[in-house]
Amino acid sequence: MNILLIGLGQIAEAFIDKFNKCGDRVYLLTGQKENSFSTKRVFERYHFTYEDDSIQDIFESVKPDISIFLGAFDGNFNWRDPRQESVRYTAALMNIMAAFSIVGSGRFVYFSSHEVYGGSYPNNVPESRSPSPRGFRAMAIAQGEEICANYRRTQGMDILILRFDHLYCVPQRTKANHLHYGSAWEGPCFAMCLEALKSGHISASDREIFSLLFLTDAVELSYKAISSGRLQRSLYHISAMEEITGTALAELIREYLGGGIDILDNSVGDYHRVILDGGAFQKEFGQRILVHTKEGTSQVARYMRRHSASFILAEDVGGNRLERLWHITKTVIAQLVPFAESLLCFWLVYQLSGTTIGSDFFARVDFYLLYVLIFAFIHGQQQAVLAAFLSMTGYCFQQMGVRTGFEVLLDHNTYVWMAQLFVLGMAVGYMRDQLHKLKQEDAEEIDYLRGKLADIADINDSNVRMKKNFESQLVNQKGSLGKIYEITSKLEGYGPEEVLFYAAQVLSQLMDCRDIAVYFVANGDYARLFSATSAEARSLGASIKYTAMEEMYAQLKERRVYVNKNMSEKLPLMASAVYAEEGMQLIFMLWGIPWQRMTLAEANRLAIVGQLVQSAVVRANRYLEALRSQRYIGGSNLLAEDAFSQLVTAFLEAKDKGLTLCTLLEVDTKNQNLEAVASKLSASIRQTDYMGLFQGGKLCVLLSNTDDENALLVIGRFRQAGYESQPVKGALK
């Protein structure tokens with residue numbers, strides 16, 4: 001295959017190695033005009049910026065089978081000024097996409113990152129989750145995804161987006177190119193190693209949770225999708241899905257860097273968890289992680305330890321006493337170098353001046369004055385004074401070779417020459433120092449203003465989110481008791497059999513949460529899932545032992561709303577129970593709530609909503625209990641045809657709306673007594689399943705929260721009891 005690789009950096013070098021091993025021909029578009037580097041094993045290099053009109057000619061010339069834009073990991077973007085760089089990034093991608101669309105052949109691959117998710121997520125983030133970027137860099141990367149998606153939708157192009165989760169590698173670089181490649185790799189691993197080398201301590205938090213993906217694994221995994229013929233998706237998450245906290249990572253780094261490093265506990269504020277869900281990629285292509293977090297961290301830490309001089313400055317504290325002593329020594333040597341230069345140059349000037357004495361050609365050349373001016377211009381006022389003093393000493397020694405010392409001291413020309421030397425040297429040196437100081441102050445002010453601008457941008461983002469929340473409250477008024485009562489009153493319009501299904505829908509609407517589950521308490525310890533609004537809400541399963549969930553149960557039994565402050569993955573984010581006279585009847589569970597909404601106000605709203613829903617549920621249960629003699633045949637648990645038909649209709653309509661799962665089985669009774677058959681089969685079903693007459697007196701069983709696959713187990717139990725059964729299709733018709 002012909003591969004056009006667009007961008008620079010270690011990820012580009014890693015992919016070049018991979019493509020060469022696989023026998024592909026690699027073309028490289030550097031994004032720079034200067035040929036300032038050498039890349040091996042590349043068939044052709046194109047040194048053009050991304051804004052150049054020649055990009056289209058490159059696509060037409062190469063005719064690549066696969067074009068890869070490194071995007072979030074392109075070393076051409078240093079992101080020191082995120083606002084300005086985001087504009088350049090978007091413009092570059094637009095020009096590249098325009099050129100690719102004109103050629104219209106091959107596959108285009110865009111590299112994105114986890115940064116497009118700026119919030120915190122209790123569960124791994126799937127591809128279906130909409131990005132929520134924070135900051136100009138994250139917004140530019142997310143906008144790049146949207147640009148690619150628009151080209152794919154509007155022009156039907158083969159475009160693939162790959163999101164990498166906390167990508168990191170061994171940062172083989174020096175201080176000279178630190179800013180060139182640093183922004184793409186300054187993740188938690190590199191940042192902690194650098195902090196340890198610089199200051200001798202690591203700031204870490206237990207509330208920071210993430211997953212690291214090593215570069216070699218990212219290359220191997222992404223190559224599977226890049227080279228695949230047909231893809232089921234246009235967007236994949238590539239993640240190791242190995243959860244680790246900031247404190248745990250800091251412990252590993254301290255172990256591999258050696259002793260003398262302290263870990264500072266910075267566990268304040270809310271939890272922040274962002275881990276991409278690579279399940280879809282793993283299911284389609286398979287996944288094997290070769291470099292796990294421990295091995296990758298070891299490689300990064302040990303390399304940075306060996307090459308610490310490339311990552312830290314002379315004034316940094318360093319990791320131990322030996323390194324601090326070495327840095328102090330280097331600092332002293334660096335400060336003494338200008339003095340050594342001055343002495344060496346003085347000796348050369350002294351020899352040159354002595355050699356040219358008596359020469360008519362050099363009679364008007366003052367070598368000492370040139371020497372002082374040069375050092376004043378290069379090193380400043382301090383070295384100018386030293387050079388002037390040395391020049392004065394050398395001049396006097398040379399003059400005493402032809403005159404006596406007393407004559408030299410009495411000659412007024414000597415003092416005029418000395419004054420000229422010092423005045424010019426100090427004036428030029430002073431101007432140089434002032435210019436240097438102004439440049440430093442300007443650079444510091446620019447850095448300060450950039451930091452303030454970033455703070456203002458963060459504050460503005462927060463204000464915008466708050467403004468939208470307040471606007472939503474003003475427009476919708478979902479938080480008012482009147483609005484809550486208006487929505488919950490809709491439950492009164494549903495039949496008794498439908499109330500529990502639409503209770504989940506009403507909760508979802510009122511709590512502004514897509515993931516709601518309603519569990520029905522079957523007995524003292526277990527609860528059965530009755531309805532749910534999403535697959536994530538069903539994550540605990542169809543049956544749970546809620547009393548074993550001690551943290552949640554302790555709050556529910558006290559009739560309080562449970563809030564998952566510890567962010568346990570096996571528990572919902574919020575939960576509330578509905579009580580009747582005899583005890584707990586229902587448990588409402590909420591999963592998809594943002595961190596900023598897990599507050600006392602939201603808990604109070606859930607409690608109010610639960611109480612209002614409770615009235616409709618209790619009313620429905622009492623109504624059904626009052627009609628029990630009319631709904632059941634004799635004293636059996638067999639529902640009459642009218643009652644069972646209403647129940648089946650309610651279940652199947654709720655199933656079509658995604659609120660529940662159910663399966664209807666028809667039982668072959670072999671013309672036996674229906675009540676006797678129902679009595680025999682009752683031991684093979686659960687308390688939340690129903691038996692009744694349906695469509696002309698047929699004996700049917702309604703299995704709640706059961707799909708066709710799990711219904712096979714019940715069919716097997718019926719067969720063991722001596723009765724055949726099969727699913728009923730098209731029951732609503």
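Helix axes here are lines fitted to C-alpha atoms over the stretch in contact, with angles running from 0 to 180 degrees between N-to-C directions. This is a predicted model, in which local features need pLDDT of at least 70, side-chain atom pairs count only at pLDDT 80 or more, and totals for chains, interfaces and linings use all residues. Residues are numbered from 1 along each chain as its sequence is written, and side-chain values use heavy atoms, leaving out hydrogens and water.

Q: Why is H1 called oblique to H7?
A: The axes of H1 (residues 10–21) and H7 (residues 215–226) come within 10 Å and cross at roughly 55°. Angles under 35 degrees count as roughly parallel, over 145 as roughly antiparallel, 65 to 115 as roughly perpendicular and the rest as oblique, so H1 is oblique to H7.

Q: What makes the contact between H1 and H7?
A: Contact means heavy atoms within 4.5 Å. Gln10, Ile11, Ala14, Phe15, Lys18 and Phe19 of H1 meet Leu215, Val219, Glu220, Ser222, Tyr223 and Ile226 of H7.

Q: Why is Ser239 called buried?
A: Buried means under 20% relative accessible area, exposed over 50%, partly exposed in between (1.4 Å probe, protein chains only). Ser239 has a value of 0%, so Ser239 is buried.

Q: What makes a polar contact with the side chain of Ser239?
A: The side chain of Asp165 does, at 2.9 Å. A polar contact is a pair of N or O atoms within 3.5 Å; within protein, one must be able to donate a hydrogen and the other to accept it, and residues adjacent in sequence count only if both atoms are side-chain atoms. The backbone oxygen of Leu276 also lies 3.2 Å from a polar atom of the Ser239 side chain.

How values were computed
Helices (H or I, at least four residues) and strands (E, at least two) are DSSP runs, numbered from the N terminus.
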